Amino acid sequence: MYFSQLIELQGMMERELAALRRALTPPSVPLKCPDDNELASRLSECAVDERLHARCVERIRDLEYALRRIERLDYGLCEACGERIPFPRLLASPAVRLCVDCQQARERESFSPFATGPARRPCAGRFRGGPCGGAAGVGAPGQRVS
Ligand SMILES: [Zn+2]
């Protein structure tokens, strides 16, 4: 990566970070409400606000981390294999931490029916013919479904 490309990415991230910090407002919590329907509606809006807020905070952390990596001179290196992440990938997503191969390997791991831990997700029939048989609600091979 050329120095001018690094400066370009740094500028992109700093501008996004500044915009996110300006936009970041704490989720509003309804304290008083005239009726239950109104309260339910406000609580629902509040839940959406909280999710957006959480996503915004997470993105700010990612960008701050990427900017610190520029200072540490290890920005643009894949955190899993240490290889250089190509500039077009960084340009598309400046705070990305993994190269395409490592990202795909991680996604395969998290979709594996044999994976353990919180990253495991059911395939919900998206991968027909895969190890789970491709039917929604079917678990790991050998697992009975009634
Ligand atoms: Zn990698």
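**The packing of H1 and H2**

Modeller: H1 crosses H2 in the left-handed sense, that is, the near helix is turned anticlockwise from the far one by less than a right angle. The model is a predicted one, in which local features need pLDDT of at least 70 and side-chain atom pairs count only at pLDDT 80 or more, while totals for chains, interfaces and linings use all residues. Residues are numbered from 1 along each chain as its sequence is written.

The axes of H1 and H2 lie 10 Å apart, at an angle of about 150°; an axis is a line fitted to C-alpha atoms over the stretch in contact, and angles run from 0 to 180 degrees between N-to-C directions. Because of this angle, H1 is roughly antiparallel to H2, a term for angles over 145 degrees.

Which residues bring the two helices together? On the H1 side they are Leu6, Gln10, Met13, Glu16, Leu17, Leu20, Arg21 and Ala23, and on the H2 side Cys56, Arg59, Ile60, Leu63, Glu64, Ala66, Leu67 and Ile70. Contact here means C-beta atoms, placed from the backbone, within 7 Å. Leucine 63 illustrates the arrangement: apart from its neighbours within four places in sequence, it touches Met13, Glu16, Leu17 and Ala95.

Leu63 and Met13 also belong to the largest nonpolar core, whose nine residues include Leu9, Ala66, Tyr75 and Ala95 as well. Such a core is a set of buried Ala, Val, Leu, Ile, Met, Phe, Trp, Tyr and Cys residues joined through C-beta atoms within 7 Å; buried means 20 or more other C-beta atoms within 10 Å, exposed 12 or fewer, partly exposed in between. Helix H1 (3-23) and helix H2 (36-72) are the elements that give two or more residues to this core. In the chain of 146 residues, 8% count as buried.

The wider setting is simple to state. The chain has four helices and zero strands, these being DSSP runs of H or I (at least four residues) and of E (at least two).

Glutamate 79 counts as partly exposed because it has 13 C-beta neighbours inside 10 Å. Beyond its neighbours within four places in sequence, glutamate 79 is in contact with Arg97 and Leu98. The C-alpha atoms of glutamate 79 and cysteine 99 are 8.3 Å apart, although 20 residues separate the two along the chain.

How values were computed
Angles under 35 degrees count as roughly parallel, over 145 as roughly antiparallel, 65 to 115 as roughly perpendicular and the rest as oblique.
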